[in-house]
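Colleague: Could you walk me through this model, starting with the whole chain and ending with a few single residues?

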Amino acid sequence: MTNAQILIVEDEGFEAMLIQDALKRLGYGIAGIVPSGEEAVKKAEELRPDLVLMDIVLKGKMDGIEAANQIHKCCDIPVIYLTGLTGDQLLERVELTEPFGYILKPFQERELHTVIEIALYKHRLEKKLEESEERFHAVAESAADAIICLKSPDIIYFWNKKAEEMFGYSAADVMGKTLHNLIVPEKYREKSYAALKTFFQMGAGPVVGKTVEVYALHKNGTEFPVEISISAMNIRGKWQATGVIRDITIRKRIEKELNDAVSQIEKAKKEWEATFDAIKDPIFMHDKEFKIIRANKAYQRMAGMKFKEFIGKSYYEVFPKMDGPLKMCLKAMELQDEEDEEISFIGKTFKVRFFPIKDADERYLYSAHIIEDITEKKGAEEKIKAEMEITTHLLMIAEATSHTTDIDKLMEQVVSCCCSIVGCDLCLSYMWDKERKYFKPSHAAGLSNAQMPLFRSETLDESVGFVNKALDEKGPVVENVGAGLAPAQKGQPQGLPLPWLPNIKTIAAIPLLGHKGRLGFMIAAYNKTREFHQRDMRIMSGISNQVSIALEEARLYRESIDRAMELAHRIEVIQAMHEIDRSILSTLEPQEILETAGRMVSTVIPCDRVTIATVDKDKGGFRYAAGLGAQVLQKLGFVTFDQTTATKILQTGMPEYVPNLKELPDLLLTEKKLLEDGFLSHIRMPITVKGEITGILTVGAKRPSAFTADDLSTLEKLAFLISVAMENARLVTDLQELFIGTLRTLSEAIDAKSTWTRGHSERVTKYALSIAREMGLDEKSLKDLEIAGLLHDVGKIGTYEGILDKPGKLTDEELKMMRQHPGKGAEILAPIKQLKDIIPGIKHHHEFYDGTGYPDVLKGEEIPLMARILSVADTVDAITSDRPYRKGKPMDAIIAELKKCSGAQFDSKVVEAFLKTL
């Protein structure tokens, strides 16, 4: 090999030069020259040469043998010894290092070249062998089968991971042990061992190079089936064996299951064939060309041929005989599921069922057909279908008669169903008119558009023809009337008094009778002569009874509903009148009474507008006061007496009813406006207080003749209620005015005790009411506050005039006496229970918001709101008015004082409200 890099280890310089020159002449590269063993190891690790020429005897602590040993271990570099020494002891040391050759000094270049090339070649072979072993181990360890290698019957030298998994022994457990004692069941061991011995002697045996199935033994003692194949190898004249073992437990189980399944299939096939032939209906199968490929015995009998005679023939040439294949067979490629087709053959009806047979890829293979004789079944089905249709329509009539109370809808349903039940061409129904004594047309089925007007305009007389006969017999009557349809003469039972019906041959008359007499009549007409059996007559009698009962119940129900509605309406009117009475009498405000009445009138009288107008004799007209839906009158506001016909009511004192404004000549302004707004009828009712008409209550509608006598009576009662409520309100108003007048007189008397306080209570009341309105208090609170303002100083009745008029500062005793007046005022008013709501305001109107006032030292929200308002109002008037000890101040000073004392003496919210009133 050329270009190999060689490290020279030689402590003799001249000798080293000779070796270097020789190697260069032979074409080798010199990696380096070192004189000692220590340097040799270092250089070998550093340079990694291809080969080392090592002198055995070297200077230093490490000789060549030791250095070669370390290089072999750390670098795996081949070493050739150079020596002039021999001896057994030396050679033993040399052998331990596994050298790649020896060269004795002095040497020849040819010898040197040969030894070097042999060493390099041997080293390459060892490398390849190592790589081969590594690949073998990698493949063997990853194999899915167990791999076991033997050097002899008693020595295992390889055991892969799958073997460990399969047999339960690790590689360490089995190395060097006898195979058959580990994995061969005891009953097979002797034979197995003998076979192995023969193999290792001859390299052959009955299982070598073959795959055989045997039983193996797991470490836990379990036997299981395996598949084993053994290959032989001759290495250096000795036979070695490699066994590949596969666990076939699952395969054996699957094979058994498969064999069992095959047996079951065979059994099922025989059972299916027996069942196939036992089926009474003919069955056959055909291929894509419609050739019969299989048929059962029933088909053979039906075809009247033996199997061998029709197998392979087109089925439509055998049975059933036809011109060509069935329609479903022609589109077999398109069909996904079974289908059937009916055919007629030899006077019978057959249903042929089609079943497409396809492979796993949904490709059509062949067809199977089942032929069923359905002749009798078909006839039975048609009878059942007819009966079901009759039953369905009877149930429809029953459903209609049990749930329908509308006679018109009931007869429409009955006529429609009767056509199907009795199979007639026309069905007519009539209702009995008790007052006119004839049957009037109701509903018809089967008539043309041209015949319908004739039916609607023709009545049915009870005394003629079959009508009289059916009524006398109280049941259905059938008549064959022939082609002539001339009107029947009175007293003659035959004939049909309906000349507009041509070509009627048979009629069935069905009377509808109730407990109290006739209800209606039904006619079933046929264009052909028809025979009626007892069953037909029973069906018609059943229809007659059921419809008659339903008609009678519907009429009774309608009458009961009418009575119930009338009663309910009366109760509703009474309740509404009571509610109106309660509502309008619950207030004493005249305007509120009128507005409440105006809103509630429409709850008892159906109308589009309600108007209440008051009489203003001073201005000579009517003033709109309250109502709804009368925008035109609300816009007019005031109507003079000469602009409306309502003025007649003032003259006559009587109500006015106008059924239709359009029919009145020379309408006045108000009535013209009402007509333009769409109102056509109205009732006007006077409202009388103490014999004087003070107003008019009107209800109007946008339809003519909208009101009844009951509405007139109801409106009269409502007008009376309004009159009573207005009179009560007037009386209460008079009492309130008297009461307030008395209070004003009393407050003026109190204020008159001193010339300086005259008019004080009136002014305080005015300020207080302004503040209260700004704060949003309700009407009752305002009235209570008005009374409290007038009486807030009523306690000063017991205060000496000298104290009130004193020009200088009051003494402590006088001041104490003055501060008693709020409490005295509360004591004076306490016996009057009507004034209990205002007493807290009077008692505490001198309390301060910060709790420093009198008489009870209340603080903040503890002080009644009425008292807090009076406190501000009282202070404002006191500061603005002249007193014996000072002059009144201007409003600017008052505003400054209020702001200064806001939150301390006064409630800041009350102060803020007062300032907004300025």
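What follows is a short exchange of questions and answers about the model.

Modeller: Happy to. This is a predicted model, so local features need pLDDT of at least 70 and side-chain atom pairs count only at pLDDT 80 or more, while totals for chains, interfaces and linings use all residues. Residues are numbered from 1 along each chain as its sequence is written, and side-chain values use heavy atoms, with hydrogens and water left out.

Colleague: How many helices and strands does the protein have?

Modeller: Helices (H or I, at least four residues) and strands (E, at least two) are DSSP runs, numbered from the N terminus. Counted that way, the protein has 32 helices and 26 strands.

Colleague: What percentage of the residues in the protein is buried?

Modeller: Buried means under 20% relative accessible area, exposed over 50%, and partly exposed in between (1.4 Å probe, protein chains only). Of the 918 residues in the protein, the buried share is 42%.

Colleague: Which element gives the most to the lining of the second largest pocket?

Modeller: On a 1 Å grid over the protein atoms alone, a pocket is an open set of points with protein on both sides within 12 Å along at least five of seven lines, a cavity is a set where a 1.4 Å probe fits but cannot get out, and lining residues have an atom within 4 Å of a point. The second largest pocket is lined by 28 residues, with Ser192, Val207, Val214, Ile228 and Ile230 nearest its centre. Strand 6 (146-152), helix 9 (186-202), strand 8 (211-217), strand 9 (223-235) and strand 10 (238-247) each give two or more residues to this lining. The element that gives the most, with 6 residues, is helix 9.

Colleague: How many charged residues are in that pocket's lining?

Modeller: Here Ala, Val, Leu, Ile, Met, Phe, Trp, Tyr, Cys and Pro count as nonpolar, Asp, Glu, Lys and Arg as charged, and the others, Gly among them, as polar. The lining of the second largest pocket has 23 nonpolar and 4 polar residues, and the number of charged ones is 1.

Colleague: And what volume does the largest cavity have?

Modeller: The structure holds 3 cavities of 30 Å³ or more. Thr611, Ala613, Phe622, Leu633 and Thr670 are closest to the centre of the largest one, among the 16 residues that line it. A volume is the space filled by probe spheres set on the grid points, which are joined across faces, edges and corners. For the largest cavity, that volume is about 210 Å³.

Colleague: Is Arg684 buried or exposed?

Modeller: Arg684 lies in strand 25 (residues 681-689). Its relative accessible area is 4%, so Arg684 is buried.

Colleague: Which side chain makes a polar contact of 2.6 Å with the side chain of Arg684?

Modeller: A polar contact is a pair of N or O atoms within 3.5 Å; within protein, one must be able to donate a hydrogen and the other to accept it, and residues adjacent in sequence count only if both atoms are side-chain atoms. The partner at 2.6 Å is Glu671.

Colleague: Leaving aside neighbours within four places in sequence, which residues is Trp272 in contact with?

Modeller: Trp272 lies in helix 10 (residues 249-278) and is partly exposed, with a relative accessible area of 39%. Contact means heavy atoms within 4.5 Å. With those sequence neighbours left aside, the residues in contact with Trp272 are Met285 and Arg294.
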